[in-house]
Amino acid sequence: MREFFRPHSVAVIGASEKPGKVGRVVLENILGCGYPGDVYPVNPHGGEILGLKAYPSVEELPEAPDLAVIIVPAAAVPSVLDQCGLKGIKAAVVISAGFKEAGREGYRLELELEEMARRHNMRVLGPNCLGLADTSTPLNATFARTTPLTGRLAFFSQSGALCTAALGWTREHGLGFSKFISIGNKMDVDEVDLLKALEDDWHSRVIAGYLEGIKRGEEFLRLAAEVTKKKPVVIFKAGTTQAGAKAVSSHTGTLAGSENAYAASFKRTGVIRAESMEELFHICRGFSQQPVPAGDRVAILTNAGGPGIITADALEKAGLKMAGLEEKTISRLKEHLPPASNFYNPVDVLGDALADRYRAALEALMEDANIDSIICILTPQAMTQPVETARVLVDGCAGKGKSVFAVFMGGTEIDEAEGILHAAGIPNYRFPETAVHTIRAMVEYRSYLSRGEDEVVSFEADREVVDRIFSRVLSEGRYQLGEMEAREVFLSYGIPVARTLLATNLTECIAAGREIGYPVVAKIASPQILHKTEVGGVKVGIGNTDELIEAYEEINANVRRLMPNATVWGVVVQEMLKPSRELIVGMNRDPQFGPLLMVGLGGIYVEVLKDVSFRLAPVGKRESMEMLKELKTYWLLRGSRGEKPADIGAVAEVIQRVSQLVSDFPVIQELDINPLRVFDRDMGCVAADARMIIGES
Amino acid sequence: MKEEPKVLYLVSEQGFSGLHTICLGITLRLRRQGYRLGYMKPLGNRYRKEGDLLTDDDAYETRRELGLEEELKDICPVIFTAQLVREALSEGRPDYLSSVRRAFSRVSEGKDIVILQGPLAAAQGAFLGISTYRLAREFAARVVMVEKYDDAFFVDHLLCARDAFGDRLEGVIYNMVPPVRYSFVNETLKPYLEETEGIPVFGVIPEDRPMKAVSARELAEGLRGEVLAGEDALENQVEGVLVGAMGPEHAISIFRKRKGQCVVTGGDRSDIQLAALEVGMPCLILSGSLYPSSIILGKADELKIPVILVPDDTLGAAEKVDLILKTSRTRDPRKLARIEELLDMYLDWERLLRMTGLPPRS
């Protein structure tokens, strides 16, 4: 990927002299940014373009340049890439549009282009992109009107239009970039390649991206987990709602992916998630300019009560702590501040404070070992000195190891002060909540870094039995496992399952009742009936054969009446379990990220309460417990108001065993244990109903 | 001395029981064993126009498949049409029984066996004087019923048929038996019928998904739809129909369970369309004449999945597909091979042959 960011020479294929042409803008940007290498315009008419000799074809170039920037009509791109390959060029940026995004023909053209790149073993960025810029080389091979400022943020975006907007916004707000990459259709180079390239790039302190979908989810997971150990990665993922996902699919031709899977994948890899484009840049500003706070204790320094309160609220909501100040800090503050000031956190230097009061307070706070980060709020009163205060901040916090965030509020009257802060690497936010969200993201990143590896236990399991069952089901052209088959699979992995038999007629039913032993439960078995209770398809507490016969008739009659068209396999007879609490444990294989485990409250309220949590397999002890702790009903499991606590450890083990099962067998597409009946502590748990869908993916 | 041909009448008491398919399978097999074979469908109920000739689709296809020399009008002498109803209910109507008799004598000439295929149900044609009951008597046929297994009527049609056919009913073949009923039919029903009712069960043929499938091409033709993409994958087999009106997250899960089915959805539901393509469903049908996003078409080309645009609303289109699937006939050579395979596995040939009285051949 070096050729993209630090090329020794660049060919601009489709360079043009005509004002307003993309081919001219790109060339102007490359020349205008001070690019030190050789630049070769290529244009069939030859001659001279912007004072440089233009070559009529790639073949006639005096050398094979490191990078080709291609801006010719889409139909000509494959053959141009072919010529580049023959010339020995190893990397190309295809800016031209008219590929997958532009219809059936374009789609075919992109497949052709992909094949061409493969044939010549070339790396290609785009097509249909804005280009890329590297401020350290410097190289600006984009057709944007605005040049990126120099900074420590590496940014990539799936939307080219958003790139141009971001350039304008960040320039106005003084946020600089190390690298700026528009990935377009991601035909070849995608987010995974970029993470790899940026991982060890010392110009980039933080990596940020705007994504609509991820192409190679499982590789992304592996790599992101590595990269986040070295530097923060902040992603804004669009298409998280149903409406957004639909827009993504018709725009990019990729599934937006399930929101739960994205959330779980970010959690797993320590990728920081921004909720909006604005937040993305705010968080990145924090990371690119301030050290990551050592902990979650925040001190507020303010010249007004209101904003101090707002900030305190925001901190608590964000799960951060108001720092308790050391005694020596408080006495120092008392020494230097007027008696009406507030000497505790939030420290209020009062509305008439000039820069010197800020200086005194800041010096005291900077020495306090109970503080990890400081938010310095300034509201412009008549006598306030925003510019001087900004300088105080710049001088006062340099090299002290604490993270400092400014919240200079107001309009144009603080513009100059903000400029000073930004130039010195102190992020200024116009509202306290923005600063707090940034600190939260940074603190979460710190705690991700400090947590140890999860311990993934390897349980004993009979893989052969499972293999045999799956082969048989697939050979019969089925995708859904029968009740008995699913039970056997679970048992092979040490997951306890209630004793169950399927009866396809009354004779079998009576035999099943005898074999299992009364009392039993009878349930309708039908692939179409998901909610058995609602159609009168469940009978519990059946004590003898007569009652079982009656239950059999009643269940069948109810189902015939309420769902006359349902395919009925028969009736399932199951042992009657002791009273227990009900959970759901499940897995859904996400098309992008693989097995997504789920645990949640079971029973009839599951649809209403939607109390569920997700993780990507494999999970170990810690993550399986985290999943349970994330549930609102976790405290019910712990036992409330005299109830005995449930066997939480047994549930966590079932989650881990399911995790191992679905990791061992990628053929499992979905599984559900619903309900998992959980008994009191030390009494274990049992799957009462289990469902599994397999299929080659 | 010239021996009279044996006559085997394959009949059904309900539509869509797979009668034609079983009939075709049995004739092909007997033919392969070298018997001189005649075939007739005395009452045609599947309208087909071949040039000027009005005939029955099954009769036409069986004749073509077996390369029979007899004329179509002998293979299927009477066709059930509105015109025929009008004619039959007016004065001076023709003698249909005689027509069938004459055709039969031509078809049966010099044959070892004649296979007769019944119409929709055995009673059909009674008002023409040519119900299956009557014809079975007329030609001294041995009758075998082809019954689609049904939880509600599992032996009722059969027992009523015995009352009507009397001793001519030689047995039954159960067809399309769902997997969960297979052991019941074999282990409980079959012994009951054979031991208590004295009705032999010649075969218990399980439900077979490939047999129920139709190609995407047949769907496109049947729906009069426009193929927008995936033209080179029109032979993809479709086993059922699914309406794509759910949220995209559910879609994937539902599609995975029902992988061989085509998905009907609105042209504007790019999320559902993409989910169907990703899971690898065999065919995508877009309703409401809503043109999809072009990127979907490109992807469908790449993944080789046909996309068919139809003017109907989603539900209407799904109903049509369902009907096409239900009424599909066994024409595809792959299906013909499959039915022979199924009959080899699940039909007691020896017993069936012995019953017809044909001399055994290897």
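Val94 of chain A counts as buried because 31 C-beta neighbours lie inside 10 Å; the term applies when 20 or more other C-beta atoms, placed from the backbone, lie within 10 Å of a residue's own, whereas 12 or fewer make a residue exposed and counts in between partly exposed. The model under discussion is predicted, so local features need pLDDT of at least 70 and side-chain atom pairs count only at pLDDT 80 or more, while totals for chains, interfaces and linings use all residues. Residues are numbered from 1 along each chain as its sequence is written, and chains are lettered from A and ligands numbered from 1 in the order in which they are written.

Val94(A) belongs to strand β6 of chain A, residues 91–94. Strands here are DSSP runs of E with at least two residues, helices are runs of H or I with at least four, and both are numbered from the N terminus. Leaving aside residues up to four places away in sequence, Val94(A) touches Ile70(A), Val77(A), Val124(A), Gly126(A) and Pro127(A). Contact requires C-beta atoms, placed from the backbone, within 7 Å.

Let me turn to chain B. By an automatic or database domain assignment, chain B is divided into domain 1 (6–210 + 330–356) and domain 2 (214–326). Over C-alpha atoms, the centres of these two domains of chain B are 35 Å apart.

Chain B also contains an open sheet of six strands, ordered β2-β7-β1-β8-β9-β10, with parallel pairing. Pairing requires at least two DSSP bridges between two strands. The edges are β2 (37–40) and β10 (201–206) of chain B, each of which pairs on one side only. How many bridges join β2(B) to β7(B)? There are four, and β7 of chain B covers residues 113–117. Within this sheet, Tyr39(B) stands opposite Ile115(B) in β7(B). Helix α7 of chain B, residues 156–165, packs on the sheet, where α7(B) touches β8 (142–148) and β9 (169–177) of chain B. The direction of α7(B) makes about 160° with that of β8(B); axes are lines fitted to C-alpha atoms, for helices over the stretch in contact, and angles run from 0 to 180 degrees between N-to-C directions.

Finally, the two chains meet. Their contact takes 29 residues from chain B and 28 residues from chain A. On the side of chain B that touches chain A, the largest share, eight residues, comes from α13(B).

Technical notes:
Contact = placed C-beta atoms within 7 Å.
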